[in-house]
Amino acid sequence: MNAQASALARLRGDFFGGLTAGIVALPLALAFGVASGAGAAAGLYGAIVLGFVAALLGGTRMQISGPTGPMTVVFASALAVVGGDAALAMAAVLVGGLVQIGLGVLRTGGLVRFIPYPVVSGFMSGIGVIIVLLQSAPLLGVAPASSPLAAVLALPGVLAKVNAEALLLGGLTLLIVFRTPMTVSRIVPAPLVALVAMSALSAAADLQVPVIGDIPAGLPVPALPSFTLETWTTVLLLGITLGVLGSIDSLLTSLVADSITRTRHHSNRELVGQGIGNLLCAFVGGLPGAGATMRTVINIKSGGRGRASGVVHSLFLLALLLGLGPLAERIPLAVLAGILIKVGVDILDYRMLRLVRTAPRADVAVMAAVFALTVLVDLIVAVGAGVILSMALIIHRLARQSSLRVRPLPHAEEGGQTPAGDELPGLDSGVRVIEIEGAFFFGSASQLLDRVDQVIGTRVVVFDCSRVPFMDLSAQFALEEMIEGLQAQSIAARVVVPPEIHAQLLRLGAPQLPAAILHDELDAALAEARRLAAARLQPG
């Protein structure tokens, strides 16, 4: 009985989550379709086809897919580049779907897991603030701004044009979604309660407020994408752009879903599912899309946890397309705005925000940078900049942890022992030891070249890399360059490296690092260096 009750609870959550996400997706799909230049119906077709296919085949069970802002912008640009030729634009969408499938097959999706948490945190909080800012005007009965910054700048004008009836509906919606007891929300999600109750109130009282409006009806007519030899390079470049952008957009949404639900998605499967969905959109004239962060969060917050939620979202939009549109045309935009504002508040990463004063400053700086870029510039730019900034900080930390020390090697006493004091005067054996410890890579290799003057005038130099965990190609080239410079001044060199790096250097066949000068043991290298130095002191 418990298993059956649990299954029914999951099914109920998926139904309400998908239904709520579908209601929210409806105006967005229509608006994206109009903004793209392909028409409102194209946005709806894309939301239905991509949403259904990605829900069944994708790797994020609770993800809601459909037209998104970044994908709409790129598609609109593609449509403009091809002179408004819909068949050519859909050919680019087809290529984009194939690119996504290829990325999934090549298993590149796992790279998204290398995105640091501060980047994801800044991205999530930025999206939350964007939602709140963009929905502030519709909550007051005024047309929404086109960007978060525009919404802030337009706020004085918005306050001067407040629709009192819309504000009433929006205020009551906020009251319901924020104050509905959890015992009620487990049965019927608060956003759905607010949507039905406030829409009924608006219709019963005949309130004069902005509503969703006309919804396109009828199934799409299948059409084949096409291109010519003269346009294939344009189509290919546009398709690659759509494919890469859609992949990044979807996987970022998957990370957000993981963060909220404490689950793990399957990145490569997600890319294949998104690719097949976008590929099919090209044959029905649908707008390309990706995993939609806002709609996915709404689905999760309304109870959606499984693939059924994405299917319900698509079937709801399909039902509207087939004749149930009049039921949704009178939904007030202020009610949708209230629901979305609650979503925006919930998506803020309070866990990271609570740690702002105590977390490492570098991580806080990355989060703040990603947050600011997400709100003020662009979602994809923000994540790219955050990853690059995180990489730069890691490189800086690794470089600081690396150390390099130059010391003379004193004469050995009888029995081969070295005196305890390295710096005793008069005991210089003509050998210098350069001790390198820590990661030896492009971030720390410059330290080696800066120390060349400290070994001028000696006879043999031993590079002690026995405590180096790894060595990249930049470090190898720096080592070769210094050895070459030493040889030009008749200074011999020996290199001590761990066995793994020894084998790596031999495989590379570096001309300045032959097997004869490579050693696995420091003692053996030092003994040989002493013999070389002593031999060079002999006359003739």
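Let's start with glutamate 528, which is buried, with a relative accessible area of 19%. In this predicted model, the cut-off for "buried" is under 20%, so glutamate 528 falls on the buried side of that line. Its partner is arginine 494, and the two side chains meet in a salt bridge with 2.8 Å from N to O. This pair links distant parts of the chain: arginine 494 belongs to strand β6 (residues 492-496) and glutamate 528 to helix α22 (residues 522-537), 34 residues apart. Is arginine 494 buried or exposed? Arginine 494 is buried, with a relative accessible area of 12%.

## Salt bridges between strands

How many salt bridges are there by the rule used here? The count comes to six. One of them joins arginine 405 to glutamate 435, with the closest N and O atoms 2.9 Å apart. Arginine 405 sits in strand β3 (residues 403-410) and glutamate 435 in strand β4 (residues 428-437), so this pair ties together parts that are 30 residues apart in sequence. Glutamate 435 is buried at a relative accessible area of 13%, whereas arginine 405 is partly exposed at 42%.

Strand β4 also holds glutamate 437, while arginine 467 lies in strand β5 (residues 460-467), so their pairing ties together parts that are 30 residues apart in sequence.

## The largest pocket

Now let's look for empty space. Rolling a probe the size of a water molecule over the atoms shows where empty space is left. The largest pocket has a volume of about 1400 Å³. Its lining is made of 48 residues, and those nearest the centre are Leu28, Phe32, Gly69, Leu134 and Ser146.

Which helix gives the most to this lining? Helix α1 (residues 2-36) does, with eight residues. By type, the lining of the largest pocket divides into 34 nonpolar, ten polar and four charged residues.

## The second largest pocket

The second largest pocket holds about 570 Å³ of space. It is lined by 26 residues, with Met182, Ser185, Lys301, Ser302 and Gly303 closest to its centre. Elements that give two or more residues to this lining include α8 (164-179), α9 (182-185), α13 (293-301) and α15 (333-347). Here, too, α1 gives the most, this time with five residues. The lining of the second largest pocket has 14 nonpolar, six polar and six charged residues.

## An enclosed helix

Why is α13 largely enclosed by the rest of the structure? Eight of its nine residues are buried, so the structure around α13 covers most of it. The buried residues are Thr293, Met294, Arg295, Thr296, Val297, Ile298, Asn299 and Ile300. Just after α13 comes glycine 303, which takes a positive phi of about 115°. Glycine 303 is also among the residues closest to the centre of the second largest pocket.

## A nonpolar patch on the surface

Finally, let's turn to the outside. Phe227, Leu229, Trp232, Leu236, Ile240, Val244 and Ile248 form a nonpolar patch on the surface, and together they have about 660 Å² of accessible area. Phenylalanine 227 lies in the loop between α10 (190-205) and α11 (232-261). For helices, there is a handy rule to remember: an α-helix has 3.6 residues a turn, so residues three or four places apart point the same way.

Note on methods. Residues numbered from 1 in each chain as written. Predicted model: local features only at pLDDT ≥ 70, side-chain atom pairs only at ≥ 80, totals over all residues. Heavy atoms only, no water. Patch = residues over 30% accessible without salt bridge, like charges linked within 9 Å, V, L, I, M, F, W, Y side chains within 5 Å. Areas by Shrake-Rupley, 256 points an atom, 1.4 Å probe, with all protein chains shown as cover. Salt bridge = Lys/Arg side-chain N within 4 Å of Asp/Glu carboxyl O. Helix = DSSP H or I, 4+ residues; strand = E, 2+ residues; numbered from the N terminus. 1 Å grid on protein atoms, 1.4 Å probe; cavity = no way out; pocket = protein on both sides within 12 Å on 5 of 7 lines; lining within 4 Å. Points joined across faces, edges and corners; volume = space filled by probe spheres on them. Nonpolar A, V, L, I, M, F, W, Y, C, P; charged D, E, K, R; others polar. Buried < 20%, exposed > 50% of the residue type's maximum accessible area, 1.4 Å probe, protein only.
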